Amino acid sequence: MAMQLDLPDTVAEEGAELVAAIDDIVARHGAKRGELLPILQDLLAERGEISDLAMQVVADRLGAAPSEVQGVVTFYSFLGVEKRGRHVIRLCHTLSCVMAGTRDVAAALEDELGIPFGGTTPDGMFTLEWANCIGMCSTPPALLLDAEALGGVTPAHVREVIAALRAEGVHG
Ligand code: FES
């Protein structure tokens with residue numbers, strides 16, 4: 001029996017609709033952990049995104065840990081299943097990184113790319129996203145550039161990385 005999620009009032013209405021959509025999908029596939037991937041694929045196809053709340057609800061329905069669901073969703077982003085840019089930059093916003101300067105790096109990324117976090121550049125080259133700890137806490141702040149982890153990043157460093165990728169995109 002699935003637990004009821006305790007949703008804050010502000011998201012309750014939107015959440016109820018999302019929960020209903022997820023319950024439909026889960027009913028089609030069966031509430032089995034082995035169905036996690038197809039369930040997420042259907043959810044993405046229907047909603048165009050898999051939000052944090054959606055991950056929590058799916059985890060709840062399948063009796064899985066939210067981190068397990070998030071791991072699969074993250075893996076999918078590397079495969080480009082979601083509509084994202086050619087390069088996905090995921091900046092860690094967990095404590096060690098934040099204390100080491102994530103905000104300055106985030107500001108440089110937003111400024112350089114002209115998009116906020118969660119956005120994709122109009123040319124489809126870059127998507128900016130937040131990530132939870134990516135296991136690079138010994139060299140913060142850290143980010144994932146596609147599947148590559150970079151530690152000790154600075155505003156100047158990320159501007160260089162973007163310039164290099166842009167040059168590659170023009171010439172490659
Ligand atoms: S806190 Fe950022 S990588 Fe661990």
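**Figure 1. Confidence and overall make-up of the predicted chain.** Among the elements of this predicted model, helix α4 (residues 66-79) has the lowest mean pLDDT, at 76, whereas helix α6 (residues 102-113) has the highest, at 97. Across the chain the mean pLDDT is 85, with 85% of the residues reaching 70 or more. Where pLDDT is low, the predicted coordinates should not be read in detail. The secondary structure amounts to 7 helices and 4 strands, and these follow one another along the sequence in the pattern α-α-α-α-β-α-α-β-β-β-α. Of the 172 residues in the chain, 23% count as buried, and among contacts with a separation of 6 or more, 59% are made by residues 24 or more positions apart.

**Figure 2. The largest nonpolar core of the predicted model.** This core holds 18 residues, of which I89, L91, C92, V105, L109, A142 and L143 touch the most other members. At least two residues of the core are supplied by each of β1, α6, β2 (126-131), β3 (143-145) and α7 (155-171). In the close-up around I89, and leaving aside neighbours within four places in sequence, this residue is in contact with L109, F126, L128, L143 and L145. In soluble globular proteins, nonpolar side chains tend to be buried together.

**Figure 3. Helix α2 and its buried face.** Helix α2 covers residues 36-47, and because its 12 residues should span 16 Å at 1.5 Å a residue, the distance of 16 Å between its end C-alpha atoms agrees with that expectation. Within α2, the residues I39, L40 and L43 are buried. Seen down the axis of α2, the buried residues fall within an arc of 95 degrees, and they therefore line one face of the helix. An α-helix has 3.6 residues a turn, so residues three or four places apart point the same way.

Figure 4. H93 lies in the loop that runs between β1 (87-92) and α5 (95-99). Not counting residues up to four places away in sequence, H93 touches V98, T102 and W130. H93 and N132 are 39 residues apart in sequence, while their C-alpha atoms are 5.9 Å apart in space.

Key. Residues numbered from 1 in each chain as written. Predicted model: local features only at pLDDT ≥ 70, side-chain atom pairs only at ≥ 80, totals over all residues. Contact = placed C-beta atoms within 7 Å. Expected span 1.5 Å × (residues − 1). Buried ≥ 20, exposed ≤ 12 C-beta atoms within 10 Å, placed from the backbone. Arc of directions from axis to C-beta. pLDDT = per-residue confidence, 0-100. Core = buried A, V, L, I, M, F, W, Y, C linked by C-beta atoms within 7 Å.
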